[in-house]
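Trainee: Can we go through this one together? I would like to start with the charged side chains and then move to a helix.
Mentor: Fine, go ahead.

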Amino acid sequence: MVVIEAPYGDAARARHATAEFLARHCPWADPEAVVLVVSELVTNAIRHAGGWWRLCVRAVQGRLVVEIADASPRPPQPRPPDFGGGGGLGWHMVERLAGLLEVDRRPDGKTVRATWLRPAASAATAPAA
């Protein structure tokens, strides 16, 4: 399991730690997709949720689970993309890249959870993580 929390980490550290975790524990996962999701979720927490966040990456029973908790109870809001550099692309990418996407709201914030399932062929040939 990987756990990184602001102010002890930033988006770059979150990406690096996630890539290392995937190489060791989830070689079946698409590292580019997962690392991009982590990067977008951490960046969104920094920009839109007051800066505090906690990343947790874990492999459980054939699933890869990425959770980003932050201090804002507001769920992510998709915006129309601004291809001129104004943003609005991140949440749309997260929605397309994550296998399953959930947002758990709490009075003190929220947790965004992205989950990927190990492909059936990989599950039959690889030990459970």
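Mentor: R54 and E5 form a salt bridge, with 3.2 Å between the closest N and O atoms; the term needs a side-chain nitrogen of Lys or Arg within 4 Å of a carboxyl oxygen of Asp or Glu. This pair links distant parts of the chain, since R54 is in strand β2 and E5 in strand β1, 49 residues apart. Before you ask, this is a predicted model, where local features need pLDDT of at least 70 and side-chain atom pairs count only at pLDDT 80 or more, while totals for chains, interfaces and linings use all residues. Residues are numbered from 1 along each chain as its sequence is written, and side-chain values use heavy atoms, with hydrogens and water left out.

Trainee: How are strands and helices assigned?
Mentor: They are DSSP runs numbered from the N terminus: H or I over at least four residues for helices, E over at least two for strands.

Trainee: What does K110 form a salt bridge with?
Mentor: With D70, the closest N and O atoms being 2.9 Å apart. K110 is in strand β5 (residues 109-117) and D70 in strand β3, 40 residues apart. K110 counts as buried at 5% relative accessibility, and D70 counts as buried at 5%.

Trainee: Which residues are linked in a network?
Mentor: R58, E67, E102, D104 and R113 are linked by salt bridges. Within it, D104 and R113 meet at 2.6 Å, N to O. D104 is partly exposed at 32%, whereas R113 is buried at 16%.

Trainee: How many salt bridges does the count come to?
Mentor: Seven.

Trainee: On to the helix. Which residues of α1 are buried?
Mentor: A11, A14, A17, T18, F21 and L22. They cover an arc of only 140° around the axis, so they sit on the same side of α1; the arc is taken from the directions from the helix axis to the C-beta atoms. On the other side of α1, A23 and R24 are exposed.

Trainee: What covers the buried residues of α1?
Mentor: The cover includes β1 (2-5), α2 (31-48), β2 (53-60) and β3 (63-70), contact meaning heavy atoms within 4.5 Å.

Notes
Buried < 20%, exposed > 50% of the residue type's maximum accessible area, 1.4 Å probe, protein only.
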